[in-house]
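We will go from the whole chain to single residues, one stop at a time.

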Amino acid sequence: MSTPTAVVTGASSGIGAATARRLAAEGFHVWCAARREDRIQGLAAEIGGTAIRCDVTDEAQVAALAEAVGPRLDVLVNNAGGAFGADPVATADADQWRRMYEVNVIGLMQVTKALLPALIASGAGVIVNVGSTAGRIAYEGGAGYTAAKHGTQVVTETLRLELWDQPVRISEIAPGMVKTEEFASVRFDGDEDKAEAVYAGVAEPLVAEDIADAIGWVVTRPPHVNVDELVIRPRAQAAQHKVHRVFD
Ligand SMILES: NC(=O)c1ccc[n+]([C@@H]2O[C@H](COP(=O)([O-])OP(=O)(O)OC[C@H]3O[C@@H](n4cnc5c(N)ncnc54)[C@H](OP(=O)(O)O)[C@@H]3O)[C@@H](O)[C@H]2O)c1
């Protein structure tokens, strides 16, 4: 039997890098896609995968990714994404909102569209979209990101309906608070005090490997088992606003 293959977008850090490692450990040849080439090259060398520079918002780069992957693909993890800013609607930055929609929704659509023929050709493809609990609720200052992640959720549901007669499963993983090295820092444009405040007093937020573990489980179920969605939070986060924080 040939080695199964997987594409992970946003593989240069956090959840994407952990997922690439996890899928490699499960026996997949992993295509590690992201914009920062040095990082994905190091990761690909470590796990015996292939690095491919790809900005998911750039149609030509996405087409090149599909061309490189070839006619057959078993797993696609649409993980590239993120939040930019946390301003209330009254002072929101339209450019930040556009960028969030571009990467979390349009990028996901473009990559899915380009790789779908190869996933169908595998006879048992799986698409895992990394959404968020932000795609389930609203919170003050979060509208640009929550709107985009609600978009991720709705696109996932739509795909499952549209592909009902195709050999492709569609799942969404919706994490709550995950302490990754860059997510909050990117959101607050490098302001480390604001980034640290997100996790302040939380003894055990989720880590990237917790989400990678779930993705590894989802994609290794038998082909007739579709895990529609998994919402995963740290125990300390009973709801978006109800976080157990302990300060000395
Ligand atoms: N951390 C959390 O609390 C949390 C919670 C729920 C959901 N999520 C979601 O989980 C996913 C991963 O987040 P993370 O915490 O691992 O954040 P992260 O460490 O900031 O990783 C984001 C990844 O996306 C890539 N990326 C960003 N824009 C891209 C683009 N245009 N084209 C290709 N790759 C792009 C980045 O790589 P390059 O910059 O090298 O391109 C990076 O590898 C995101 O979709 C995020 O919304 C995170």
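The stops below each give something to select and then say what is there.

Two notes before you click. This is a predicted model, in which local features need pLDDT of at least 70 and side-chain atom pairs count only at pLDDT 80 or more, while totals for chains, interfaces and linings use all residues. Residues are numbered from 1 along each chain as its sequence is written.

**Stop 1: the whole chain**

Show everything as a cartoon. The chain has eight helices and nine strands; helices (H or I, at least four residues) and strands (E, at least two) are DSSP runs, numbered from the N terminus. Its radius of gyration is 17 Å, close to the 18 Å of the globule rule for 248 residues, so the chain is as compact as a globular protein of that length. That radius is taken over C-alpha atoms, and the rule is 2.2 Å times the number of residues to the power 0.38. Along the principal axes, the C-alpha atoms fill a box of roughly 55 × 35 × 35 Å.

Of the 248 residues, 41% count as buried. Here a residue is buried if 20 or more other C-beta atoms lie within 10 Å of its own, exposed if 12 or fewer, and partly exposed in between, with C-beta atoms placed from the backbone. Among contacts with a separation of 6 or more, 71% come from residues 24 or more positions apart; a contact means C-beta atoms, placed from the backbone, within 7 Å.

**Stop 2: the sheet**

Now select the strands of the open sheet. Seven of them line up as β3-β2-β1-β4-β5-β6-β7, with parallel pairing; two strands pair if DSSP finds at least two bridges between them. The edges are β3 (50-53) and β7 (229-232), each pairing on one side only. On average, neighbouring strands are turned by 15 degrees against each other, direction ignored. Axes are lines fitted to C-alpha atoms, for helices over the stretch in contact, and angles run from 0 to 180 degrees between N-to-C directions.

Zoom in on β2 (residues 29-34) and its parallel partner β3, which share four bridges. On the side of β1, five bridges join β1 to β2, again in parallel.

Move along to β6 (residues 168-175). Eight of its eight residues are buried, so β6 too is largely enclosed by the rest of the structure. V168, I170, E172 and A174 point one way, R169, S171, I173 and P175 the other, and all are buried. β5 and β6 pair in the parallel sense over six bridges, and I127 has I170 as its bridge partner in β6.

**Stop 3**

Select α1 (residues 14-25). This helix lies across β1 (5-9), β2, β4 (75-78) and β5 (125-130), and runs at about 170 degrees to β1.

Then pick A11, in the loop between β1 and α1. Is A11 buried or exposed? It counts as buried because 33 C-beta neighbours are inside 10 Å. Residues that A11 touches include G16, A17, C32 and L43. C32 is 21 residues from A11 in sequence, yet 5.3 Å away in space, C-alpha to C-alpha.

**Stop 3: around the ligand**

Show the 30 residues that surround the ligand; the closest are G10, G14, R35, R36 and G81. A residue is near a molecule if its C-beta atom, placed from the backbone, lies within 6 Å of it. The elements that give two or more residues to this shell are α1, α4 (94-121) and α6 (183-187). The largest share, three residues, comes from α1.

**Stop 4: towards the outside**

Select D189, in the loop between α6 and α7 (192-199). Most residues other than glycine have a negative phi. D189 is not a glycine, although its phi is positive, about 55 degrees. D189 is exposed, with 11 other C-beta atoms within 10 Å. Next, α7 is hardly covered, the count of buried residues among its eight being zero. G201 follows α7 and has a positive phi, near 80 degrees.

Finish at A68, in α3 (residues 59-69). A68 is partly exposed, with 13 other C-beta atoms within 10 Å.

Terms used. Contact = placed C-beta atoms within 7 Å. Lists of a residue's contacts leave out its neighbours within four places in sequence.
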